[in-house]
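Visitor: I'd like to go through this one slowly. Could you walk me through it?

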Amino acid sequence: MSAEVPEPDEVTGPWWEATRRRILLVQSCGACGHTQHPPRALCTGCGSDRHLDWVEASGAAVVDACTVVERAMPGFAPPYVVARVRLAEGVLLLSNVVADDPYLLDTGDRLRLDWRPLPDGRALPVFVPSER
Amino acid sequence: MSTGVAIVGAAESDLGVTGRSILGLQAQAVSRAVEDAGLTLADVDGLATTGVSRFSTTQVADYLGLRPSWTDSTFAGGSAFEMYVARAAQAIEAGQCSTVVISYASNQRSARSRSLAGVVETHTPEAQFETPYGPLYPISYYAMAAQQYLHRYGGSREALAEVAVAAREWALLNPAAFRHGAGPLTAADVLAAPMVSTPLTTADCCLVTDGGGAVVLTSLDRARDLPKPPVRVLGYGECTTNTSMTAVDDLTVTGAVESGRAAFARAGLVPADVDVAEVYDSFTVTVVLTLEALGFCGRGEALDWIAGGRIRPGGDFPLDTSGGGLSYCHPGQYGVLLLVEAVRQLRGECGARQVPGAEVALAHGTGGILSTHATVLLGVDR
Ligand SMILES: [Zn+2]
């Protein structure tokens with residue numbers, strides 16, 4: 001269940017390559033310590049285009065905001081959860097949360113990382129509720 | 001403070017389900033607005049529009065037979081038109097042009113051109129990092145903002161529905177409104193409507209209609225010689241914040257904070273000076289977030305503040321008096337029609353829905369996914 005995912009570009013390539021090994025990367029700036037997502041060619045914290053590196057995310061996250069989509073879009077089977085997920089590293093990702101009851105999910109709920117394989121060997125990071 | 005520029009003409013094109021083309025509706029809106037101003041097309045030397053084609057303003061200028069000395073096609077979704085007012089005022093004051101038409105039209109309902117997924121451009125970061133998760137665009141973003149707002153402040157969907165209920169009350173007073181004949185709407189109706197992206201139902205979402213509008217601006221000096229009373233541009237401000245659904249750290253605080261602060265400062269006014277407010281209501285939650293950001297009430301207070309009929313006809317804060325995007329007309333980029341209604345209110349032309357003695361109006365546009373925010377303050381010429 002997902003739309004076609006475009007080919008990476010020169011900036012996002014390493015992020016997508018890591019997904020083949022089921023590793024979630026976050027861009028981090030060696031000059032100012034800022035972390036950011038999605039990957040960019042410069043740091044939005046300090047403007048540097050020479051100090052960006054990758055750190056591996058722990059996979060721990062919480063729900064920042066969420067919605068259950070009930071209208072059918074091509075390629076998707078509602079109902080499903082679209083959420084802003086805040087990683088332990090501080091950045092927000094848009095993702096899906098795969099939950100037994102999507103309607104019970106709420107802001108602050110703890111999540112762990114999971115993966116949805118793509119046909120070309122890459123994978124989409126998705127999330128599931130942590131066991132309480 | 002204030003500016004030396006006024007709006008002198010305002011008009012709608014045909015609205016609703018028109019069966020007309022985009023350029024046909026544009027031509028209607030422009031010619032009606034220019035006529036309303038007591039001018040002719042030959043007087044127009046500045047043009048701002050969007051949503052027509054890749055060369056939007058060039059296209060409309062060609063269609064109208066104009067060779068403008070100033071144009072603007074800034075694409076900023078529904079807020080573009082409030083931004084055009086600022087740029088037009090600056091261009092007129094700088095002498096680059098003397099008479100500007102700001103216009104827009106869409107036939108999206110007749111043409112069935114609206115998609116739940118929005119328009120995805122595959123070279124953008126959103127196409128790689130957001131679209132694969134299936135958010136409805138723009139609805140799911142506003143839905144997440146509503147979810148987080150209700151979670152944080154403990155509000156209810158019923159309280160949020162008041163925005164749509166009040167909009168319908170206004171639409172019942174506006175013969176041009178798409179829902180004019182639809183009868184009243186209750187909060188229970190809003191909650192019972194088909195769910196789209198929780199917590200927003202179809203009744204929390206703006207209409208999908210054809211429609212368009214245009215306004216004409218010129219110098220205040222020239223405006224005073226024209227047939228209708230000038231509507232002064234008192235202030236303006238804008239703020240652009242995001243295309244990504246994850247760029248803004250706090251979903252409940254929008255760029256209307258900055259756009260409103262700038263507009264009020266330029267006008268030398270405060271929120272309490274506003275007699276009538278035309279606030280972009282793409283979704284019920286858009287209004288709640290915008291009212292707080294503009295300073296009409298404190299953070300987390302908007303649902304209590306709008307309860308009890310304050311924003312309905314006869315209330316002490318007349319809001320979206322045309323019936324808004326929720327019940328009047330929403331042709332994709334609705335911001336030009338906020339200006340048209342604000343002008344008509346200040347001229348006293350609104351019949352059954354007229355706000356008595358309105359002297360200061362606010363028009364606030366919001367585009368994209370709470371992406372672009374532009375505030376315009378308008379006032380009668382005293
Ligand atoms: Zn940095």
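Visitor: Where does Q28(B) lie?
Guide: Q28(B) sits in helix α1 of chain B, which covers residues 22-36; helices here are DSSP runs of H or I with at least four residues, strands are runs of E with at least two, and both are numbered from the N terminus. This is a predicted model, in which local features need pLDDT of at least 70 and side-chain atom pairs count only at pLDDT 80 or more, while totals for chains, interfaces and linings use all residues. Residues are numbered from 1 along each chain as its sequence is written, chains are lettered from A and ligands numbered from 1 in the order in which they are written, and side-chain values use heavy atoms, with hydrogens and water left out.

Visitor: Okay, and is Q28(B) buried or exposed?
Guide: Q28(B) counts as buried because its relative accessibility is 13%, where buried means under 20% relative accessible area, exposed over 50% and partly exposed in between, using a 1.4 Å probe and protein chains only.

Visitor: Which residues is Q28(B) in contact with?
Guide: Leaving aside neighbours within four places in sequence, Q28(B) is in contact with S13(B), D14(B) and R20(B), contact being heavy atoms within 4.5 Å.

Visitor: Switching to chain A, how many helices and strands are there?
Guide: Chain A has 1 helix and 8 strands, and from the N terminus the order is α-β-β-β-β-β-β-β-β.

Visitor: How much of chain A is buried?
Guide: Of the 132 residues in chain A, 48% are buried.
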